[in-house]
Amino acid sequence: MILKVVKYGHPVLRKKGTRIETVTPTVKALIADMFETMYDARGIGLAAQQIGEAVQLTVIDVRGVTDRPSTLEIEGEEKDPGEFMPLVLLNPEVKPVGDHAIGPEGCLSFPEIFADIKRPESVEVTALNEKGKKITFRCGGLLARAVQHETDHLNGILFIDRMDSESKSELKPELEALQAETKADLKKQR
Ligand code: ZN
């Protein structure tokens, strides 16, 4: 089932997700719906907050983007990131490794708004997967950016919080318009 993606201005985007300790049938169904929703919107990542659920669950698939490479290492061994997709992360913990990189980012909760964001180039990730099994990996490039962007969502942090002040002030009119539109929609629903 394709779910509605909530937009900037919705309070759920600012909620820290509660941890998921067991992959119940409800969680499984949510994962399936989130993938369907993400692929439909042509995104490469979607966090539970974006479909209105404040839980620590995100789905990622970077295969849709071919011009921005990713790297992946599991237990010190290089792997093909494509074979690791689609990726489900529950309760992810992300540790930066190495230098920062600047790259373009967008977000399904901010339609048509893009900015360059500075983030660690590589990260070490620990999480549970869709089977509830603990996984650990190190990634770089686009996958590292996606993992960090989505993990931020799970903690109520948005990519506008990571923008430099110049980009943020340039985008201010669009951001305010989007926020106002979302709040007006919420009022109508009440
Ligand atoms: Zn996002």
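Helices (H or I, at least four residues) and strands (E, at least two) are DSSP runs, numbered from the N terminus. This is a predicted model, so local features need pLDDT of at least 70, side-chain atom pairs count only at pLDDT 80 or more, and totals for chains, interfaces and linings use all residues. Residues are numbered from 1 along each chain as its sequence is written, and side-chain values use heavy atoms, with hydrogens and water left out.

Start in a loop. Gly64 sits between strand E2 (57–60) and strand E3 (70–74). Its relative accessible area is 69%, so Gly64 is exposed. Here buried means under 20% relative accessible area, exposed means over 50%, and partly exposed lies in between (1.4 Å probe, protein chains only). Gly64 and Arg42 are 22 residues apart in sequence, and their C-alpha atoms are 7.8 Å apart in space.

Arg42 belongs to another loop, the one between H1 and strand E1 (45–47). Its backbone stands out: Arg42 is not a glycine, yet its phi is positive, about 60°. Arg42 is exposed, at 76% relative accessible area. Glu112 also has a positive phi, near 60°, in a residue other than glycine. Glu112 is found in strand E6. Its relative accessible area is 76%, so Glu112 is exposed.

Another backbone feature involves a proline. The peptide bond from Met85 to Pro86 is cis, with omega near -10°. Pro86 is placed in the loop between strand E4 (77–79) and E5. Further along comes Val97, in strand E5 (residues 87–107). Val97 is partly exposed, with a relative accessible area of 21%. Val97 and Ser122 are 25 residues apart in sequence, but 5.2 Å apart in space from C-alpha to C-alpha.

Now the aromatic rings. Rings of Phe, Tyr and Trp (its six-membered ring) pair if their centres lie within 6.5 Å; planes under 30 degrees apart count as stacked, over 60 as edge-to-face and the rest as tilted. The structure holds four such aromatic pairs. One of them joins Tyr8 and Phe110, with ring centres 4.8 Å apart and planes at 25°, so this pair is stacked. Tyr8 lies in the segment before helix H1 (25–40) and Phe110 in strand E6 (residues 110–128), so the pair ties together parts that are 102 residues apart in sequence. Both Tyr8 and Phe110 are buried. The rings of Phe35 and Tyr39 have their centres 5.8 Å apart and their planes at 15°, so that pair is stacked. Phe35 and Tyr39 are four residues apart in helix H1, and therefore separated by about one helical turn. Phe35 counts as buried, at 12% relative accessibility. Tyr39 counts as partly exposed, at 40%. Ring pairs also link Tyr8, Phe110 and Phe159 into a cluster.

Turn next to the charges. A salt bridge is a side-chain nitrogen of Lys or Arg within 4 Å of a carboxyl oxygen of Asp or Glu. By this rule the count comes to 12 salt bridges. Arg14 and Asp161 form one, with N and O 2.7 Å apart. This pair links distant parts of the chain: Arg14 is in the segment before H1, Asp161 is in the loop between helix H2 (141–154) and H3, and they are 147 residues apart. Arg14 counts as partly exposed, at 42% relative accessibility. Asp161 is partly exposed too, at 37%.

Lys79 bridges to Glu77, with the closest N and O atoms 3.7 Å apart. Lys188 bridges to Asp185, where the closest N and O atoms are 3.7 Å apart. Lys188 and Asp185 are three residues apart in helix H4 (residues 172–189), so about one helical turn separates them. Lys188 is exposed, at 67% relative accessible area. Asp185 counts as partly exposed, at 31%. Salt bridges with shared partners join Glu105, Arg119, Arg145, Asp152 and Arg162 into one network.

Asp116, Asp164, Glu166 and Glu170 form a negative patch. Patches are made of residues with over 30% relative accessible area and no salt bridge: like charges are joined within 9 Å, and nonpolar side chains (Val, Leu, Ile, Met, Phe, Trp, Tyr) within 5 Å. Accessible areas come from the Shrake-Rupley method with a 1.4 Å probe; for residues, only the protein chains shown count as cover. Lys and Arg count as positive and Asp and Glu as negative, while His and the chain ends are not counted. Each charge is placed at NZ of Lys, CZ of Arg, CG of Asp or CD of Glu. Glu170 lies in helix H3 (residues 165–170). Its relative accessible area is 58%, so Glu170 is exposed.
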